[in-house]
Amino acid sequence: MSFSKKMLVLALTTLIMCDTTWAGMRNELPRDGNEENAKSAISHGRQILTKSLPRVTSPFHIPGITSLSVNSLPDDQRLMPSIGNGHVATVIRGDAVFMNGLYNGHNITSHRAKMPAVFIRNINSSSFHEQRFTLDFAAGMFVEEMAAKDLSVRIKMFAHRTIKQLLVTMVTVRNAGSADVRLGFNSSRIADTEDLDITHAVNQSIGIISGRTKEMEYDVTGLQDVTMVHTVIPEEISVEAFQETTHLFLLSVDLVPATAKKSFDKGVQMFFNGNLESSHVNGWADVWRNGRIDLNGNDTLSTLAYSSLYYIMSSLPLGPTPDFVGLSPGDLAHGEGHQDYMGHVFWDQETWMYPPILLLHSKMGEAIVQTRVRTLDAAIQTAKMRGYKGAMYPWETAISGLDVTEIPIYFLNEQHITGDISFALRQYLYMTRDIRFLNESGIKVVQEIAEFWASRVFLNSSTNMYEIHDVMPPDEWHKKVNNSAFTNAVAKLSLLLPDFVGNVMNTKPDPKYKAIADKMYIPYDKQLDYHPEFDGYTKNEPVKQADVVLMGFPLMIDMDESTRRNDLRIYEAVTSKGPAMTWSMFSIGNLEIGDITKASTQFTRQLLNVAKPFNVWTELDDGTGAVNFITGMGGFLQSLLFGYGGFRLRPDRIDFHGRLPPSTSSFNITGLDYLGGSIDFYFTKDATIVRLTKAAEFTLTLKYEEKAFTLKQNEIQMFSSTKASIVPDLPLTLDRNSANHVLFSSVLLIISALFCSKLYIC
């Protein structure tokens, strides 16, 4: 069969398969029986309306893929799922609520401040013979369903996706029997926590909790006040015969009392208007519509892609906001006391969670970048305290941006974090060419980081090369070494970034940065053709986690393929029990050198850290360490995008080479954001489909096998699976006075409903 005929068959198969999938996605969940006989009412506190709420189903509901359902909850509370929206979050059945930016404790004891969980914990009844618990990623909610003869209860919990202050509980009771029923509620006790002094007042059915942290992080932060406005939870509710009632219980949380109250009132109003739930589900639908990963033929992997994105994005705002503190290795619902890294932000954010988010949701990616702009002054202060110039970011930060690292040696020596942040800025600029960001603050961050490294290196007079001594590499089993290969490499890239920015902005950076970078020493063993982790490293010496292999990816340091292969083999052999994200980097590296079998083995190995039933990741594969370990989830998503997708971000293009992950029949990436545009990719064993769905700021050209095609909005380009590139028509420099980095080159076309549903890429 000719290639063109194969493409036609592929296209037709794709249309049929995707149309079936969309049909399944649009089916609503079945409703209970006897509906025509039931009276309906909705209530909040003393307000009751005789009406029913519309049934809401996400357009991205795919049975068996976008949700996880079980008949019993895990015995270990650590493995319970979380709900969140980047502002507030909680673990289901947990005893705490956490808010972005709210910390208690001084200096190294600073941790997420625990607020009381004002929720219904469970219902007192022994009559239920069926229970079902569902974490719905598509709708962004947790659903608990219970059934008895003539009685059913559904409890929905969600952190509202667009009204960020709100945590919502909706209890729907259907009494199909001829007698009234009473249901008792068990709820959390409202009292002081170890982190907050609390006062509690009740006015009719509304309670107001005013809390103040007990200990300030630093003088510059002071003590923090927080307000929680909540629906008073009754001891029981009564439901009449042949009646269905939905009861709303709201919790609104904010540092500003008026904002907490305003959002609470808005939530109540939207509930009675019938659009509180739908606005939340539609908010998540917009998120999924704009960026997701689908894997056909392997439901386990497909669900894991959705759950990993869900958990990371549940800890992120929809876009940049000045009060967002950042991502911690455990999600926003974790970090109390000395657990789960205390809610601190460090290299995990930039190195592990950020890259997949940047590709699929550039506005969320910008929110992450802005967390380091927010703390730039603190980083400059830190550098001065340490005797350096420029900006030195502490290993762990919280609200102040100053050091809160619990173990001093990590703060003293693990300095590659500053380079990791610069590299994240580099990736952001490659993907966005955000001139507004550079003009407002970005260029200063880039320069201050370069200035730090320029003051941190010293010239070895005998070699005429610049070195960095007394650091801790990513391999934290080696506390203090000279010339960490990774640290020196990421410092070199930091010193080169002002040159790239200068080319973009038509400015001239200080030439000393490039001069130092050009003479940066990076350990290399010519005889064994590999990179020793640091000066004095002995081959076969055990290491904690991925370190030198990160030079190949994500840093993409230029090296021979033989060197890359040797780095992978040597360090794989001595990394016995690294944290989850380690194996993603080995998988990506092996795919890069063409060892598909080894790549599959390492790709699968990371899945040992996934705990059932709700895909909660643990830091280590024995279930220990931090939970819900979104660092590992970020690594997993990278192994899909940069591993099997083969994506590489270049200053002048994006390279890619789609291959199928283990036991899959197709691999679909929807909504890769590039230069203000959006691109969909569909990979099978033999073919690749590329479609521009949103016009970019610059003309984009698809190049492969000496061929070139201009991408036009909604036109499909199909070709045999091979290495390819998306190349923008970039000017030599960009307008320094531009206020916006997203300038659309054409108006978006209206896509017909038939076309969208057939292609499953709208």
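In what order do the 3 strands of the open sheet that includes β10 follow one another, and is the pairing parallel or antiparallel? In this predicted model, the order is β10-β15-β19, and the strands pair in antiparallel fashion. The edges of the sheet are formed by β10, covering residues 120–124, and by β19, covering residues 236–239, each of which pairs on one side only. Between neighbouring strands of this sheet the average turn is 30°, with direction ignored.

Stepping back to the whole, the protein chain contains 17 helices and 34 strands. Its radius of gyration is 27 Å, close to the 27 Å that the globule rule gives for 762 residues, so the protein chain is as compact as a globular protein of that length. Taken along the principal axes, the box filled by the C-alpha atoms of the protein chain is roughly 90 × 70 × 55 Å.

Of the 762 residues in the protein chain, 62% are buried, that is, under 20% relative accessible area. Among the contacts in the protein chain with a separation of 6 or more, 67% are between residues 24 or more positions apart. The accessible surface of the protein chain amounts to about 28600 Å², and carbon and sulfur atoms account for 51% of that surface.

Note on methods:
Residues numbered from 1 in each chain as written. Predicted model: local features only at pLDDT ≥ 70, side-chain atom pairs only at ≥ 80, totals over all residues. Heavy atoms only, no water. Pairing = 2+ DSSP bridges. Helix = DSSP H or I, 4+ residues; strand = E, 2+ residues; numbered from the N terminus. Axes fitted to C-alpha atoms, helices over the stretch in contact; angles between N-to-C directions. Rg over C-alpha atoms; globule rule 2.2 N^0.38 Å. Buried < 20%, exposed > 50% of the residue type's maximum accessible area, 1.4 Å probe, protein only. Contact = heavy atoms within 4.5 Å. Areas by Shrake-Rupley, 256 points an atom, 1.4 Å probe, with all protein chains shown as cover.
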